Amino acid sequence: MKYAAKKLAALLATMLAVSFLAFAAFQVVAGDPATDRLGTEATPQRVAELRHEMGLDRPFLVQYGSWLGGFVTGDPGQSYSGGPVADLLSARLPVTLALSLMAFALTLALALPLGLRSVRRGGRLEVAVNTVANQFLMALPPFFTGILLTWLFSILLHWFRHGAFPGFSADVGGSLWYLLFPAVALAIPRVAQTVRMLRSTVLAEMDKDYVRTAIARGNDRSGVLYRHVLKNSLVPVVTFLAQTMAEIVAGSIVVEQVFNLPGLGRLLLTSISGRDYPTVQAIVVILALWVVLANTAADLINRFIDPRLGGART
């Protein structure tokens, strides 16, 4: 419990620092939002009135405290394009969240059995073929894979209609089916990376003395692999999977454009092009939270796997 409390405190401190930096950075980059909104109609008096209305005439730390309090309570401010930022996020966040979780689930479902199979079987030719295929799949950019999947399954086979994402409120099943294809595009290179990571980690563990001794005593190689080697190999794999989760979220920004999905990726790009900085900074903090949560979960899982991590058990 003490270790978990420390990790939670570190998570909160990290997110506090990220939120402060994001807010400060966009305050500098944005220039004067009141002048931007008024455009050619900007006069000193109207700019001053709008700055007061937007709360921009308050001290910086007061503005940050107000924004942070609103963000924590679900109100990250008003979009410059009109309407609450929370409404924009609530409409887009479920799409990106479902896409990322589906891609991560596919990565786990495919990479773990393939990685273990690559350890247990294969002659020189099979190993060489698997290595080449693995390198090829790792090099495939998700956006290019997404274009190929769209061409094959939408244009040729008509398994889904590109650009016709129904939305979860209208059709949950149809939405999940549509998300399957961008999830595959995101998962393919991650599967190849995870297979390679798992194979190298397990093979390194198999070369240790305790494994040789167990096999020399007549224990089945597969039994030793699943009972002992796999558990001892999981710590670096879990850490790698946390990084994979963060990469999937980053990759979804581009893949959403390929499949015309109304997720955070499209909202982020349109907000940047429209200089809608309150929306951009809210998305940046959400993405940072996602990454920090993934790494914190990995640390807690690793501590459960190996209690020696992070110091003595308390």
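What follows is a conversation about the labels given to parts of this model.

Modeller: This is a predicted model, in which local features need pLDDT of at least 70, side-chain atom pairs count only at pLDDT 80 or more, and totals for chains, interfaces and linings use all residues. Residues are numbered from 1 along each chain as its sequence is written, and side-chain values use heavy atoms, with hydrogens and water left out.

Biologist: What makes up the secondary structure of the chain?

Modeller: The chain has twelve helices and zero strands. Helices are DSSP runs of H or I with at least four residues, strands are runs of E with at least two, and both are numbered from the N terminus. The C-alpha atoms fill a box of roughly 85 × 60 × 30 Å along the principal axes.

Biologist: Why is the contact of lysine 7 and aspartate 299 called a salt bridge?

Modeller: The term requires a side-chain nitrogen of Lys or Arg within 4 Å of a carboxyl oxygen of Asp or Glu. For lysine 7 and aspartate 299 the N to O distance is 2.8 Å, so the pair qualifies. Lysine 7 lies in helix α1 (residues 2–29) and aspartate 299 in helix α12 (residues 277–305), so the bridge ties together parts 292 residues apart in sequence.

Biologist: What makes glutamate 247 and arginine 190 a salt bridge as well?

Modeller: Their closest N and O atoms are 3.2 Å apart, and the limit is the one already given. Glutamate 247 belongs to α10 and arginine 190 to helix α8 (residues 172–206), so this pair joins parts 57 residues apart in sequence. The structure holds three salt bridges, including one between lysine 208 and glutamate 205.

Biologist: What makes the nonpolar surface patch a patch?

Modeller: Its members must have over 30% relative accessible area and no salt bridge; nonpolar side chains (Val, Leu, Ile, Met, Phe, Trp, Tyr) are joined within 5 Å, and like charges within 9 Å. Leucine 152, one of the residues in the patch, has 31% relative accessibility and counts as partly exposed. The patch covers about 710 Å², and helix α7 (residues 142–156) gives the most to it, with four residues.

Biologist: What makes a nonpolar core?

Modeller: A core is a set of buried Ala, Val, Leu, Ile, Met, Phe, Trp, Tyr and Cys residues joined through side-chain atoms within 4.5 Å. The largest one has 51 residues, and Val229 is among those that touch the most other members. Its largest share, twelve residues, comes from α10.

Notes. Areas by Shrake-Rupley, 256 points an atom, 1.4 Å probe, with all protein chains shown as cover. Buried < 20%, exposed > 50% of the residue type's maximum accessible area, 1.4 Å probe, protein only.
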